[in-house]
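This report walks through one protein model, element by element. Keep the 3D view open while reading.

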Amino acid sequence: MTTPTLSSSSSEVLTKEDSKSKSSPVKSTDELKKICSQVRRDILRMVHAPQSGHPGGSLGCTEFVAALYFKIMKHDPKNFTMNGIGEDIFFLSNGHISPVWYSVLARSGYFPVKELATFRKINSRLQGHPTTHEGLEGIRIASGSLGQGMSVACGTALAKKLNKDSRLVFSLHGDGEIQEGQIWEAAIFASARKIDNLISTIDWNGQQIDGTVDKVMPLGDLKAKWVAFGWDVLQMNGNNMEEVISIIEEAKKHTGKGKPVMILMKTEMGHGVDFMVNNHKWHGVAPNDEQLQKALAQLPETFGDY
Ligand SMILES: [Mg+2]
């Protein structure tokens, strides 16, 4: 197991030619912001090509996923293993926002960046919802059948404790997703078993596929609910990179104290593209040619399009 070394020169890691041969997470916040611009371009181009996919939540969670892979987690893109022993592990429970995950995985070195061009195509390893049978490096569970990822994260976190593996487990969930009953079963289980090496995050954008969460099925006092279920609860603005890093670091300090940790992450669906922001219509709709150009004009190409 090797820990990827931090590099002051990130461009070599993130471009299409070099992504498979080099691995080096980035440390400065400025570099992370540049990565986010490129990841957002990837997301838009990925869903535009097949005219299919979920740009809204992907754009909203870009800072969070980029921060995890390029700053927070100890992980090894070059020697991916399913069991992840000795590594921090991330599960994307709201699997439909796969474009942001695929882009970050590729640009952190798990697989070639140019493979992003196969998103949602026949026989691609990058299916609309992540699955395991294509053998895509970085993916450990199928997700997108909503509500299941926290249960998997609990099991993985428990296994790490049993194996005396001190690394952490992270999971991400949609706010619409937590209307699923299985989430709350996992929430009770995590607290009952004192799974204190788990940091779960909810993308609290207030939007889901059919409208605002408040219209479809309101969540009420989310913080009070998670506290009542026995979790330590933090809150952050998920589109502010400085805050994302500081609150996840803070969350890490809450681990090992007998309670699972929840971060309620306020984001804007479609963040980074003015005409997509906070509009549930962009949950699962691809931009047309004109919209793509308008969106890309707002996002500098920082590490080279695939
Ligand atoms: Mg949502």
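The model is predicted. Start with the buried residues of α10: Met241, Val244, Ile247, Ile248 and Ala251. Seen down the axis of α10, these residues fall within an arc of 135 degrees, so they line one face of the helix. An α-helix has 3.6 residues a turn, so residues three or four places apart point the same way.

The face turned away from the buried side of α10 carries exposed residues: Glu242, Ser246, Glu249 and Lys253.

Helix α10 has 14 residues, 241–254, which at 1.5 Å a residue should span 20 Å. Its end C-alpha atoms are 20 Å apart, in agreement with that value. After α10 comes Gly256, with a positive phi near 75 degrees.

Thr201 stands opposite Ile263 of β7.

**The nonpolar core**

In soluble globular proteins, nonpolar side chains tend to be buried together. Here the largest nonpolar core has 74 residues. Which residues have the most contacts inside it? They are Val65, Ala66, Ala67 and Leu198. Leaving aside its neighbours within four places in sequence, Val65 is in contact with Val100, Trp101 and Val104.

Leu105 sits in α5 (residues 98–107). The C-alpha atoms of Leu105 and Ala66 are separated by 9.0 Å, although the two residues are 39 residues apart along the chain. Is Leu105 buried or exposed? It counts as buried, because 27 C-beta neighbours lie inside 10 Å, and 20 or more are needed for that class. Leaving aside neighbours within four places in sequence, Leu105 is in contact with Tyr110, Phe111 and Gly138.

**Positive phi in loops**

Most residues other than glycine have a negative phi, and most peptide bonds are trans. Gln51 and Lys164 have positive values, and neither is a glycine. Gln51 is in the loop between α2 and α3 (55–60). Lys164 is in the loop between α6 (149–162) and β2 (169–174).

| Residue | Phi | Other C-beta atoms within 10 Å |
|---|---|---|
| Gln51 | about 55 degrees | 12 C-beta atoms |
| Lys164 | near 55 degrees | 6 C-beta atoms |

Are these residues buried or exposed? Gln51 is exposed, because its count is 12 and the class takes in residues with 12 or fewer. Lys164 is exposed as well, with 6.

Terms used. Residues are numbered from 1 along each chain as its sequence is written. This is a predicted model: local features need pLDDT of at least 70, side-chain atom pairs count only at pLDDT 80 or more; totals for chains, interfaces and linings use all residues. Helices (H or I, at least four residues) and strands (E, at least two) are DSSP runs, numbered from the N terminus. The expected span of a helix is 1.5 Å times one less than its number of residues. The arc is that of the directions from the helix axis to the C-beta atoms. Two strands pair if DSSP finds at least two bridges between them. Two residues are in contact if their C-beta atoms, placed from the backbone, lie within 7 Å. A nonpolar core is a set of buried Ala, Val, Leu, Ile, Met, Phe, Trp, Tyr and Cys residues joined through C-beta atoms within 7 Å.
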